[in-house]
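Please look at the sequence and the structure before reading on.

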Amino acid sequence: MLAIVMMGSPSDRPFAAQITEALDGFEIPWETRIASAHKTPQVLLELLAAYEALGTPKVYITVAGRSNALSGMVDAAVIAPVIACPPYSDKFGGGDIYSSLRTPSGVAPGTVLEPKNAALLAAKMLGLVDADLRRRIQEAQADQRRRRLSR
């Protein structure tokens, strides 16, 4: 089982760190990689081919803003699920989110805007093949409910 957090540039590291921290909470092994769909497409495709050759259940979480070609390109190149989690940008007033929401026919990355929720969705996907992970998710959800009700 593996979560691969793909970033478009080094500037995405702080945002991606929120995702990997949440993945740690679920005890999900993860790796981070940087490859731009615009600037280093061949590197990206080579990385994806190597990950797809692994015989382990996996999910990709992509972190790229502006024109988010990364999520679409990853999704088009892999069989595993892809979760787009683009960082918010004040520079474009949030308008750049549309490149994550509107993708061409046959390309279907899911979009989750909150980093911790992207990790939760990845956990739920990987939990389909891991009973221990499902138990950890149930415990986390029960703990969250207890905290909400104790206020």
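## The sheet

Two strands count as paired if DSSP finds at least two bridges between them. In this predicted model, E4 and E5 run parallel and are joined by two bridges. Within this pair, alanine 84 lies opposite threonine 111 of E5.

The whole sheet is open and has five strands, in the order E2-E1-E3-E4-E5, with parallel pairing. Strand E2 (30-34) and strand E5 (110-111) are at the edges with a single partner strand each, so one side of each has no neighbour in the sheet. Strands of a sheet pair through backbone hydrogen bonds, and the pairing is either parallel or antiparallel.

## Strand E3 and its partners

E3 is joined to E1 by six bridges, and the two strands run parallel. On the other pairing, three bridges link E3 with E4, also in the parallel sense. Tyrosine 60 takes part in both pairings: isoleucine 4 stands opposite tyrosine 60, and valine 82 in E4 is the bridge partner of tyrosine 60.

Is E3 mostly covered or mostly open? E3 is mostly covered, with six of its six residues buried. In a regular strand, side chains alternate between the two faces of the sheet. In E3, Lys58, Tyr60 and Thr62 are buried on one side, and Val59, Ile61 and Val63 are buried on the other.

Helix H5 (residues 115-127) has 13 residues. From its first C-alpha to its last, H5 reaches 18 Å, close to the 18 Å expected at 1.5 Å a residue. The buried residues of H5 are Pro115, Ala118, Ala119, Ala122, Ala123, Leu126 and Gly127. Which elements cover them? The cover includes E1, H1, strand E3 (58-63), strand E4 (82-84) and helix H6 (131-149).

## Aspartate 12

Aspartate 12 is found in the loop between strand E1 (2-7) and helix H1 (13-25). Leaving aside neighbours within four places in sequence, aspartate 12 is in contact with Met7, Val63, Ala64 and Pro87. Val63 is also one of the buried residues of E3.

Which side chain of opposite charge is nearest to aspartate 12? The nearest is arginine 13, 9.3 Å away. A salt bridge requires a side-chain nitrogen of Lys or Arg within 4 Å of a carboxyl oxygen of Asp or Glu. Aspartate 12 is buried and has no salt bridge.

Note on methods:
Residues numbered from 1 in each chain as written. Predicted model: local features only at pLDDT ≥ 70, side-chain atom pairs only at ≥ 80, totals over all residues. Heavy atoms only, no water. Helix = DSSP H or I, 4+ residues; strand = E, 2+ residues; numbered from the N terminus. Buried < 20%, exposed > 50% of the residue type's maximum accessible area, 1.4 Å probe, protein only. Lys, Arg positive; Asp, Glu negative; His and termini not counted. Contact = heavy atoms within 4.5 Å. Expected span 1.5 Å × (residues − 1).
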